[in-house]
Amino acid sequence: MHARVEKMERKNEMELIGEPTGVYYDVVMFFGIIDILQDYDITKKLEHAYKSFQYDPTSISAVDPRQYSKRFRDFILKIFLEDEA
């Protein structure tokens, strides 16, 4: 997939997305989604319950498939902005 990306600078390493710099690069991207191969069974539900005590329940990986799908879609739409040209 051909894409154009803008360089972002993070203020600290805890930020997922930094501030735009106005510098753009042409890139070729390869990615795959393997999470669809995971079943959201009792094991994942227990993992979610356990990790929810330690972390924000919406930020951990083992979440309900609908919530995971929405979070993934929102992330992709935030990262890959529509080309204005």
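1. Is lysine 7 buried, partly exposed or exposed? Lysine 7 has a relative accessible area of 38%, so it counts as partly exposed. Keep in mind as you look around that this is a predicted model.

2. Lysine 7 has a partner: its side chain meets that of glutamate 9 in a salt bridge, 4.0 Å from N to O. Glutamate 9 is partly exposed too, at 45% relative accessible area. The count of salt bridges comes to four.

3. Have a look at helix α1 next. Glutamate 47 and lysine 51 sit four residues apart there, about one turn of the helix, and their closest N and O atoms are 2.9 Å apart in a salt bridge. Glutamate 47 is partly exposed at 22%, and lysine 51 is partly exposed at 26%. Lys44 joins these two in a network of salt bridges.

4. Helix α2 has a pair as well. Aspartate 74 and lysine 70 are four residues apart, so about one helical turn separates them, and their side chains form a salt bridge of 2.7 Å, N to O. Aspartate 74 is partly exposed at 35%, whereas lysine 70 is exposed at 52%.

5. Now the second largest pocket, with a volume of about 300 Å³. Helices α1 and α2 each give two or more residues to its lining, which has six nonpolar, two polar and four charged residues. Lys44, Glu47 and Ile36 are among the lining residues.

6. With Ile33, Ile34, Leu37 and Phe72, Ile36 forms a nonpolar surface patch of about 570 Å² accessible area together.

Key:
Residues numbered from 1 in each chain as written. Predicted model: local features only at pLDDT ≥ 70, side-chain atom pairs only at ≥ 80, totals over all residues. Heavy atoms only, no water. Patch = residues over 30% accessible without salt bridge, like charges linked within 9 Å, V, L, I, M, F, W, Y side chains within 5 Å. Areas by Shrake-Rupley, 256 points an atom, 1.4 Å probe, with all protein chains shown as cover. 1 Å grid on protein atoms, 1.4 Å probe; cavity = no way out; pocket = protein on both sides within 12 Å on 5 of 7 lines; lining within 4 Å. Points joined across faces, edges and corners; volume = space filled by probe spheres on them. Nonpolar A, V, L, I, M, F, W, Y, C, P; charged D, E, K, R; others polar. Buried < 20%, exposed > 50% of the residue type's maximum accessible area, 1.4 Å probe, protein only.
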